[in-house]
Amino acid sequence: MWLVYRLARRDEAGLVADLNAEAYAEYPLFRVLRGRFRDEDGFRRFLRALQGVFVRAFMRKQLVYVGVEAGQVVCAALLASPDRPQVGMWDYLMGGGLALLAHVSLPALIEFLGLVGEAESVCDGIKARKWFVSSLAVAMSWQQRGLGGQMLEGCIMPHVKAHGGGGVALTTNTRANRAFYLKHGFAELDERELSWCGQRIRNWSFWRAG
């Protein structure tokens with residue numbers, strides 16, 4: 001199966017957010033927040049809102065790619081370019097960040113964003129020309145078909161090569177993803193354990209030279 005890759009349209013922000021929220025519902029980095037919610041539905045509503053903020057903020061400054069099969073968006077990637085302004089707090093606020101406070105307290109949100117920053121700290125410290133894959137997700141009903149690898153090799157890496165080159169950095173929190181990125185030629189830069197409110201998360205940082 002070969003997908004068509006293109007930049008997501010602004011009117012597809014909600015669609016991409018839904019795809020990401022579904023794909024990341026069991027992801028350890030987000031799952032640490034589950035205990036802050038009364039039930040699973042409340043957690044998933046928050047996760048969808050959070051992904052919406054991420055996607056809209058990236059659309060303002062950076063790159064949101066989608067993979068399309070027969071008119072349906074089946075995978076998506078948020079890619080930070082070294083040649084574009086970094087996504088900042090203002091972009092998250094403009095992306096609807098304040099609405100997250102309807103789901104979770106401000107201290108909890110600040111603590112969680114600090115955890116995200118800690119997870120990405122090794123990649124942030126890379127001095128070489130760097131692209132950063134903030135997320136790479138495949139719709140649940142389309143998983144286990146090799147679409148993540150196709151998007152990486154058929155969209156992300158060609159875009160990097162065509163736009164000045166450089167290396168690609170990313171992080172992950174699952175052993176399955178670790179194996180996936182090693183298979184696709186990434187070098188493991190760091191492995192560490194993150195801790196948040198008594199919960200422990202494995203975190204791996206990767207780099208692939210362009």
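C197 sits in the loop between strand 6 and strand 7. That makes a handy place to start a tour of this predicted model. Although C197 is not a glycine, its phi is positive, at about 55°. Is C197 buried, exposed or something in between? With a relative accessible area of 48%, C197 is partly exposed, because the exposed class begins over 50%.

You'll find Q144 in the loop between strand 4 and helix 7. Q144 counts as exposed, at 79% relative accessibility.

Now for the strands. In what order do the 7 strands line up? The order is 1-2-3-4-5-7-6, the sheet is open, and the pairing is mixed.

Let's zoom in on one pair. Strand 5 (residues 167-172) and strand 7 (residues 199-208) run antiparallel and are joined by 5 bridges. Along this stretch, T172 of the chain stands opposite W204 in strand 7.

**Helices on the sheet**

Helix 3 (residues 40-61) packs on the sheet, where it touches strand 2 (63-69), strand 3 (72-80) and strand 4 (130-138). The direction of helix 3 makes about 65° with that of strand 3. Helix 8 (residues 175-183) lies across strand 4, strand 5, strand 6 and strand 7, and runs at about 10° to strand 7.

**Helix 1 meets helix 3**

How do helix 1 (residues 13-23) and helix 3 pack? Their axes are 8 Å apart and the angle is about 130°. The two helices are therefore oblique to each other, because the roughly antiparallel class only starts over 145 degrees. Their crossing is right-handed. On the helix 1 side, the contact is made by A13, G14, V16, A17, D18, N20 and A21. Helix 3 brings L47, R48, Q51, G52, V55, R56 and M59. Sorted by class, that contact has 7 nonpolar, 4 polar and 3 charged residues.

Helix 1 also has a hidden side: its buried residues are A13, V16, A17, L19, N20 and A21. What do these buried residues pack against? Their partners are helix 3, strand 2, strand 3 and strand 4.

**Two buried residues**

I126 is found in the loop between helix 6 (121-124) and strand 4. Its relative accessible area is 18%, so I126 is buried, the cut-off being under 20%. Leaving aside residues up to four places away in sequence, I126 touches A169, L189 and W207. The C-alpha atoms of I126 and G167 are separated by 9.7 Å, and the two residues are 41 residues apart along the chain.

Q150 belongs to helix 7 (residues 147-162). Q150 is buried too, with a relative accessible area of 17%. Between the C-alpha atoms of Q150 and L136 there are 11 Å, with the two residues 14 residues apart along the chain.

Here are the accessibility values side by side.

| Residue | Relative accessible area | Class |
|---|---|---|
| I126 | I126: 18% | buried |
| Q150 | Q150: 17% | buried |
| C197 | C197: 48% | partly exposed |
| Q144 | Q144: 79% | exposed |

Terms used:
Residues are numbered from 1 along each chain as its sequence is written. This is a predicted model: local features need pLDDT of at least 70, side-chain atom pairs count only at pLDDT 80 or more; totals for chains, interfaces and linings use all residues. Side-chain values use heavy atoms; hydrogens and water are left out. Two strands pair if DSSP finds at least two bridges between them. Helices (H or I, at least four residues) and strands (E, at least two) are DSSP runs, numbered from the N terminus. Contact means heavy atoms within 4.5 Å. Axes are lines fitted to C-alpha atoms, for helices over the stretch in contact, and angles run from 0 to 180 degrees between N-to-C directions. Angles under 35 degrees count as roughly parallel, over 145 as roughly antiparallel, 65 to 115 as roughly perpendicular and the rest as oblique. A crossing is left-handed if the near helix is turned anticlockwise from the far one by less than a right angle, and right-handed if clockwise. Ala, Val, Leu, Ile, Met, Phe, Trp, Tyr, Cys and Pro count as nonpolar, Asp, Glu, Lys and Arg as charged, and the others, Gly among them, as polar. Buried means under 20% relative accessible area, exposed over 50%, partly exposed in between (1.4 Å probe, protein chains only).
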